Amino acid sequence: MVQSVQMKETPQSVESLVNRDYAAGFFTEIETDTVPPGLSEEVIRLISRKKEEPEWLCEWRLAAYRHWLTMQEPRWATVEHPAIDYQAISYYSAPKAKTDGPKSLSEVDPKLLETYEKLGIPLREREMLAGVAVDAVFDSVSVATTFKGTLAKAGVIFCSFSEAVRHHPDLVRQYLGSVVPVTDNFYATLNSAVFTDGSFCYIPKGVRCPLELSTYFRINAAKTGQFERTLIVADAGSYVSYLEGCTAPMRDENQLHAAVVELVALEDARIKYSTVQNWYPGDENGKGGIYNFVTKRGECRGARSWISWTQVETGSAITWKYPSCILKGDCSRGEFYSVALTRHYQQADTGTKMIHLGRDTTSTIISKGISAGRGRNAYRGLVRIGKGAANARNYTQCDSLLLGSRCSAHTFPYIEVKNASAEVGHEATTTRISDDQLFYCRQRGIAMEDAVNLIVNGFCKAVFKELPMEFAVEAQRLLGVSLEGAIG
Amino acid sequence: MNVQLISPLEPSDPFLAELARLESRLPATEPPWLRAVRRRALARFGERGFPGRRDEDWKYTDVSTIAERPLRVALPGVGPLGTGAAGIEAGRIEAGEWRYAGLECVELVFVNGHCVSTSADINYFYDRGALPERTTLAPLAAMLSNAPPMLRSSIQRMADAPPDAFAALNAAFTADGAYLAVPDGVALDVPVHLVFLSAPGDGPVASFPRIYIHLGKEARASVIESYIGMDAQENLTCAVTEIIAAAGARCDHYRVQREHPRSYHVGRLSVSQARDSEVTSFSIACGARLSRQDIAVRLEGEGASVALHGLYVGEGRRHVDHHTRIDHLLPHTNSEEHYKGVLDGRSRGVFNGTVVVHPDAQKSEAHQSNHNLLLSGEAEIDTKPELQIHADDVICSHGASVGRLDPDALFYLCSRGIEAPVARAILTQAFIDEVLARLPIAALRLGLARDLGSAETSAELLSALI
């Protein structure tokens with residue numbers, strides 16, 4: 001509420017901001033160390049070789065590729081996009097020399113800077129986000145080093161995926177693909193075949209990770225590419241909070257993103273995974289934009305383990321993701337909190353799966369969809385209570401807010417219950433901001449834009465409160481910025 | 001799609017042979033267009049075949065047991081009133097054991113999809129004034145030789161664009177059913193009760209009744225469809241009902257499915273509603289080994305409203321599936337939907353309720369709920385309430401729940417000296433009662449409550465509850 005009141009834009013700046021072109025824009029340049037477009041076993045062997053991977057991983061990739069050839073793109077989501085030519089994508093490019101970006105912030109589009117200003121992004125990070133070609137920012141390097149020291153002291157392993165393959169092959173081999181098998185779905189299988197890098201995180205027994213890994217990530221965020229692989233293993237009794245993405249608009253050249261995130265929580269372990277996604281959504285006519293086809297799944301393997309997904313999805317032309325929890329351990333708990341905002345021609349088909357297998361497992365799903373303009377928003381969720389999941393509990397609430405007469409909101413909740421002692425409840429509503437609500441705010445002297453902000457933030461509050469504090473603040477501002485001009 | 005493009009079925013196709021066998025028993029007065037329509041429908045069916053588990057609409061319902069067995073269509077005139085082949089004795093039809101005590105109604109009786117009520121039977125209702133003069137109620141077979149244009153186009157539409165494989169089969173094999181047309185401004189005082197008895201013929205048979213209900217402007221009618229299994233073994237009933245409600249019409253439709261525990265039942269109800277019309281549908285499913293009910297409502301006029309109520313009861317190894325879809329096509333349309341299920345034994349319930357608010361249907365309101373009670377550890381429920389909203393100025397909500405009997409409530413009753421089985425029965429009855437209480441016809445409400453009540457509920461407790 002405080003945030004929304006703080007924002008005092010004149011209508012002109014609001015207009016221009018909403019209608020602005022995506023400031024950083026897209027551009028392509030020829031890389032010297034890029035594999036020619038196309039996908040074949042040869043390309044996969046090449047990727048594996050370039051990354052100096054062990055034989056088993058290369059075979060693992062090839063097995064995924066061979067299976068992928070037999071698969072078809074999923075068609076069931078309520079999203080529409082032109083056919084993707086998988087042979088037109090280049091599946092490997094060496095880390096780019098940062099000589100092509102703007103030289104300093106003064107060369108960056110002032111509109112983008114304005115957005116950063118509103119979001120309260122620290123100056124250093126602005127440079128990084130805008131793709132400023134700085135070799136190494138002194139501060140951030142030292143900060144990163146400090147963080148590395150703290151983590152090492154606690155015994156936490158947090159590194160890039162390639163590093164993990166080199167230094168901790170046993171851990172990687174044990175857990176890779178154990179939650180999202182290579183045959184899982186079209187995009188996950190593609191990712192398994194061609195992923196280039198990502199993050200690996202291991203929290204040893206009984207350790208409470210001393211940092212929000214988010215903080216580290218933001219400073220240290222390297223370009224992870226379009227086929228990102230994340231694997232987080234929380235050993236018995238440990239705790240970790242991980243934040244992926246960033247509230248600020250990110251510059252990205254790849255249209256198709258097919259990431260895979262796997263979480264493993266052993267006995268008594270707790271993993272909190274938060275995502276703020278604000279990739280390029282395409283222009284107001286629906287041209288361009290990122291296709292974000294992500295497979296995220298966590299497995300509560302041990303008793304009393306806990307996995308919580310929180311996501312704020314405001315970017316991408318198409319979002320297709322279902323962060324899920326497999327509740328295998330007795331008394332384990334899964335949570336899913338989501339805010340998905342679509343405007344212009346954005347499409348989001350998102351939700352979760354809660355698979356209850358162990359006894360006394362519980363899950364909570366809170367999903368808030370906001371559609372504006374011609375945006376399409378779908379919640380698609382599954383709650384499955386297995387035969388052995390005695391006394392399982394689930395509560396699901398998914399609400400949709402419609403702003404504009406040409407947007408749409410869909411709800412597809414699947415509920416499958418095979419155990420009589422389960423209690424499952426699902427509620428969903430679809431409404432728009434009522435004139436009464438707006439009138440109430442207006443007659444108290446609150447400007448239209450701020451009133452909408454206030455109401456929308458109230459609508460999303462149940463989700464924002466799950467985010468790490470500083471991101472909750474940013475997410476609130478982000479929503480405000482994204483919604484400017486949506487009401488009219 | 002172009003009808004001409006359909007490839008004809010192989011002459012050796014068993015379905016085609018079955019159709020020929022059926023048509024050899026149908027009156028020669030059947031118009032040629034109808035025979036052509038049947039073949040088109042069969043070709044449509046041939047194109048897609050029976051649905052598999054990979055079809056989203058049939059994800060939870062496996063019809064392979066229907067698909068794998070040979071189809072034998074029930075022929076007209078075979079049965080109690082016809083050639084005297086195996087079936088129900090005429091006496092049982094006279095006795096009418098399916099009737100609801102105290103229900104005054106116009107009754108039409110069918111055996112395996114073919115009407116056994118004579119024109120004298122129907123005239124009796126006209127003479128008594130139960131059917132107003134300009135109203136037409138007749139067996140469908142009697143209407144086909146000189147079909148009214150609306151009926152004819154409805155039959156053609158169902159054959160050329162069947163919503164699913166079973167509707168295509170119905171369009172191909174239907175030869176009888178009921179036709180009810182109520183002219184503008186006419187109201188029927190008593191409900192029309194269509195009784196579909198399923199009886200063993202020469203082994204398991206399949207029947208394909210078709211019911212066509214047309215209500216003129218401001219017309220009113222109540223129709224009860226009862227599907228009753230009479231010692232029938234593995235019969236298949238595949239019924240299609242169409243209701244067309246003109247402006248301001250009001251139709252109450254009740255569908256009670258009490259088929260034999262070993263038989264199969266697939267039913268479809270299509271409703272199209274014009275301006276300010278009101279339709280209420282009750283679907284009670286408490287029979288059959290496997291049953292599937294599809295209800296599709298199109299609100300095609302401003303101010304049209306529909307209410308769908310349903311109750312399904314599963315026991316033994318029963319599989320009971322309800323799929324509903326409501327399309328809000330124009331502004332100011334309303335829908336209400338409340339379904340409840342009680343599942344015991346190793347039964348499995350499926351509910352899928354879709355509400356679609358189309359882009360122009362502003363100011364629409366839609367509410368849906370589905371509540372399920374699991375009484376046994378082996379029972380299963382798969383529910384999916386679905387909203388697809390393409391307009392912003394709407395109020396839509398849905399809710400679904402799955403649970404067991406409240407242990408606190410059970411404890412309370414037991415602490416008051418009520419034995420546990422009776423306490424469970426009372427609570428179950430109370431759960432069911434929420435649906436039954438909405439039935440406006442008292443005789444039907446009481447009859448169903450008696451049929452659905454478990455043995456533990458004593459008559460006194462029951463009457464106290466209702």
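Let's start where strands of the two chains pair. Six bridges join β18 of chain A to strand β19 of chain B, residues 380-389. The two strands run antiparallel. Pairing here needs at least two DSSP bridges between two strands. Strands are DSSP runs of E, at least two residues; helices are runs of H or I, at least four residues; both are numbered from the N terminus. One pair to look at: Val417(A) has Ile381(B) as its bridge partner in β19(B).

A word on the source. This is a predicted model: local features need pLDDT of at least 70, side-chain atom pairs count only at pLDDT 80 or more, and totals for chains, interfaces and linings use all residues. Residues are numbered from 1 along each chain as its sequence is written, and chains are lettered from A and ligands numbered from 1 in the order in which they are written.

Now the whole contact between the chains. How many residues does each chain give? Chain A gives 33 residues and chain B gives 33 residues. Contact means C-beta atoms, placed from the backbone, within 7 Å. On the chain A side, β17 (393-403), β18 (408-417) and β19 (423-432) each supply at least two residues. That side divides into 14 nonpolar, 13 polar and six charged residues. Nonpolar covers Ala, Val, Leu, Ile, Met, Phe, Trp, Tyr, Cys and Pro; charged covers Asp, Glu, Lys and Arg; the others, Gly among them, are polar.

The contact takes 20 residues from domain 1 of chain B and 15 from domain 2 of chain B. The domain 1 side has 14 nonpolar, three polar and three charged residues.

Last, helices of chain B. Helix α2 (residues 32-48) and α7 pack at an angle of about 25°, axes 8 Å apart. Axes are lines fitted to C-alpha atoms over the stretch in contact, and angles run from 0 to 180 degrees between N-to-C directions. So α2(B) and α7(B) are roughly parallel, the word for angles under 35 degrees. Their contact has four nonpolar, one polar and three charged residues.

Pro149(B) sits in α7(B), residues 149-160. Is Pro149(B) buried or exposed? Exposed, because Pro149(B) has 7 other C-beta atoms within 10 Å. The cut-offs are 12 or fewer for exposed, 20 or more for buried, and partly exposed in between, with C-beta atoms placed from the backbone.

Key:
Two residues are in contact if their C-beta atoms, placed from the backbone, lie within 7 Å. Angles under 35 degrees count as roughly parallel, over 145 as roughly antiparallel, 65 to 115 as roughly perpendicular and the rest as oblique.
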